[in-house]
Amino acid sequence: ILDIRQRGKHAMKYGYIRVSTVDQNEARQVESMIAQGIDRANIFIDKQSGKNFDRPEYKRLLSTIQAGDVLYLHSIDRLGRDYDGILENWAKITKEIKADIVVLDMPLLNTTIDNNNLTGKFIADLVLQILSYVAETERANIRKRQREGIECAKARGVYKGGKKKKIDTTLFANLRAKWNAGTITKKVFADSLGVSMPTLNKLLKAET
């Protein structure tokens, strides 16, 4: 029996929210989802970095959402930070699962617009491609400026290498308590602190 949502009836609305650390407040994003008529139980929230898509609530969302459903995002960077990953997951949701996506702060990223002739999907895909190009170009420009700055500093004899990251000791202590209690994973611990796993291991070892 064909699911009624796949026949275009009673499409479910879902919201996905991501904040970078466990200490950030997601209330503003939750309010924007509820204003769209999304049930609180259908809002998935991850509290970790957007550098990859290995997030528990995002994975649960993908296993829940079905064809004909609509996923709401407050902004595109809540889905992720890496545009290659965003493009891949956007295609997974809209083309493989065949659900729609609405990005609240960017009306053109709305695949439900004029859905009968695919105009909405075409425009949204085009905008995403442009955003991806701009983001990649900016990343390349930043790397170029960094290299040029380092070379200039070396030429002047004032380059001292990268600055050591300053760790917020209060945040570290709070995250460690949560990790010790088993409420967050070690990866979430590292991402929330803004360090790599090897760096976190060194910090933990230094305290033992």
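Leaving aside its neighbours within four places in sequence, with which residues is Tyr58 in contact? In this predicted model, Tyr58 touches Tyr16, Asp46, Phe53, Leu79, Asn89 and Ile93, once those sequence neighbours are set aside.

## Nonpolar cores

Tyr58 also belongs to the largest nonpolar core, a set of 24 residues in which Tyr58, Leu61, Leu71, Ile76, Trp90 and Leu109 are the members with the most contacts inside the core. At least two residues of this core are supplied by each of β1 (13-19), α2, β3 (70-73), α3 (76-79), α4 (83-96), β4 (100-103) and α5 (119-156), and the largest share, four residues, comes from α4. Another core lies apart from this one and has 11 residues, including Leu171, Leu175, Val195 and Leu204.

Four strands form an open sheet in the order β2-β1-β3-β4, and their pairing is parallel. The edges are taken by β2 and β4, each of which has a single partner strand, so one side of each is left without a neighbour in the sheet. From one strand to the next, the twist averages 20°.

Between β1 and β2 the parallel pairing runs over five bridges; the bridge partner of Tyr16 in β2 is Phe44, and Val19 stands opposite Lys47 of that strand. Helix α1 (residues 27-34) packs on the sheet, where it touches β1, β2 and β3, and the direction of α1 makes about 170° with that of β1. Although β2 stands at an edge of the sheet, this strand is mostly covered, with four of its five residues buried.

The loop between β2 (43-47) and α2 (56-64) contains Ser49. Is Ser49 buried or exposed? Ser49 has a relative accessible area of 17%, and because buried means under 20% relative accessible area, Ser49 counts as buried.

Within the surroundings of Ser49, its side chain reaches the backbone nitrogen of Lys51 at 3.1 Å. When residues up to four places away in sequence are not counted, Ser49 touches Arg18, Ser20, Arg55 and Asp191.

Definitions and conventions. Residues numbered from 1 in each chain as written. Predicted model: local features only at pLDDT ≥ 70, side-chain atom pairs only at ≥ 80, totals over all residues. Heavy atoms only, no water. Buried < 20%, exposed > 50% of the residue type's maximum accessible area, 1.4 Å probe, protein only. Polar contact = N/O pair within 3.5 Å; in protein donor to acceptor, adjacent residues only side chain to side chain. Contact = heavy atoms within 4.5 Å. Core = buried A, V, L, I, M, F, W, Y, C linked by side-chain atoms within 4.5 Å. Pairing = 2+ DSSP bridges. Axes fitted to C-alpha atoms, helices over the stretch in contact; angles between N-to-C directions.
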